[in-house]
Amino acid sequence: QVQLVQSGGGLVQTGGSLRLSCAVSGTFSSYAMGWFRQAPGKEREFVAATHWSGGPIYYADSVKGRFTISRDNAKNTVYLQMNSLKPEDTAVYYCVADRRVITTRSDYWGQGTQVTVSS
């Protein structure tokens, strides 16, 4: 069983930065970790992914070069650093964990965090 507790987010102006955190507990050393987001009236979409034990990192084209996913094994926490934010980044962001690959059908989800970017 894996538990995900998110923090961070909020309201920021265009061009600003925010950092989301996802504290992980349970048995997760072999899990894929990442972030999805869902904007009002839109489907949930992939943002970024990594693996708890290392390996390649993946980003959606829409955030590549602006967002960075990272993890702190000592703190059991995954981060999403978001820079150069745009109004189209406004969404509820979800931390996700899965034994294989994170998808919209993944096993474990955080509670969601609102990110609002004002123009």
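Which residues are linked in a network of salt bridges? In this predicted model, the network links Arg-37, Glu-45, Arg-66 and Asp-89. The close-ups below visit members of this network and then move on to other spots.

**View 1. Arg-37 and Glu-45 pair up through their side chains.** Here the two side chains meet in a salt bridge, with 2.6 Å from N to O.

**View 2. Asp-89 and Arg-66 form a salt bridge between two loops.** The N to O distance for this pair is 2.7 Å. Look for Asp-89 in the loop between β8 (77-82) and β9, and for Arg-66 in the loop between β6 (58-59) and β7 (67-72); the pair therefore ties together parts that lie 23 residues apart in sequence. Both Asp-89 and Arg-66 are buried.

**View 3. Lys-64 forms a salt bridge with Asp-61.** The closest N and O atoms of this pair are 3.1 Å apart. Asp-61 is exposed, with a relative accessible area of 66%. As you browse, keep in mind that the model has 5 salt bridges in total.

**View 4. Arg-100 sits in a loop between two strands.** You will find Arg-100 between β9 (91-98) and β10 (108-109). Is this residue buried or exposed? Arg-100 counts as exposed because its relative accessibility is 71%, and the cut-off for exposed is over 50%.

Definitions and conventions:
Residues numbered from 1 in each chain as written. Predicted model: local features only at pLDDT ≥ 70, side-chain atom pairs only at ≥ 80, totals over all residues. Heavy atoms only, no water. Helix = DSSP H or I, 4+ residues; strand = E, 2+ residues; numbered from the N terminus. Buried < 20%, exposed > 50% of the residue type's maximum accessible area, 1.4 Å probe, protein only. Salt bridge = Lys/Arg side-chain N within 4 Å of Asp/Glu carboxyl O.
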